[in-house]
Amino acid sequence: MTKGTKLYSIINLKCPRCQKGDLFINTGWIVYKQILDMPEECSNCNLSYNVEPGFYTAALWISYPIVLVVFIPLIILGFSLKSLHMFFTVLYPGIVVLSLLFQIPLMRFTRAILLNMHVDFNKHF
Ligand SMILES: [Zn+2]
């Protein structure tokens with residue numbers, strides 16, 4: 001993955017402007033504490049991560065279509081099963097586990113996308 005692209009910043013959860021500073025205090029995709037805690041600004045280029053109050057609420061509108069893309073096929077699969085019993089014993093536990101596993105990475109992913117939509121890479125930092 002090439003540095004300087006928005007995909008690099010999103011996948012590595014790095015600052016969108018310099019792509020060196022971390023977006024989150026607790027780095028990585030799978031974390032169990034300080035899930036959404038972000039530093040006030042980038043440790044390298046001082047880009048403020050607090051764009052405006054409530055800025056990251058808009059990340060909900062990015063995660064919503066992603067969740068639809070994942071879960072609509074599962075719902076269609078559920079309708080294609082022969083019995084409701086199979087749905088609740090096989091598919092439903094899978095949906096619950098999938099939801100729990102991807103909740104935290106999805107929240108971090110969508111915050112990174114949102115910030116990258118507003119800030120471009122600058123190679124001078
Ligand atoms: Zn930076």
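Guide: Two residues are in contact if their C-beta atoms, placed from the backbone, lie within 7 Å. The model is predicted: local features need pLDDT of at least 70, side-chain atom pairs count only at pLDDT 80 or more, and totals for chains, interfaces and linings use all residues. Residues are numbered from 1 along each chain as its sequence is written.

Visitor: Against which helices do the buried residues of α3 pack?

Guide: They pack against α1 (6-12) and α2 (60-80). The buried residues are R108, T110, R111, A112, L114, L115 and N116; buried requires 20 or more other C-beta atoms within 10 Å of a residue's own, exposed 12 or fewer, and partly exposed lies in between.

Visitor: Why is K123 called exposed?

Guide: K123 has 9 other C-beta atoms within 10 Å, and the limit for exposed is 12 or fewer; K123 is therefore exposed. K123 lies in the segment after α3.

Visitor: What makes α2 and α3 roughly antiparallel?

Guide: Their axes, lines fitted to C-alpha atoms over the stretch in contact, with angles from 0 to 180 degrees between N-to-C directions, cross at roughly 165 degrees and come within 9 Å. Angles under 35 degrees count as roughly parallel, over 145 as roughly antiparallel, 65 to 115 as roughly perpendicular and the rest as oblique; the pair is therefore roughly antiparallel.

Visitor: Which residues of α2 and α3 meet?

Guide: I62, S63, I66, L74, L77 and G78 in α2 meet F87, L91, I95, L106, M107, T110, I113 and L114 in α3.

Technical notes. Helices (H or I, at least four residues) and strands (E, at least two) are DSSP runs, numbered from the N terminus.
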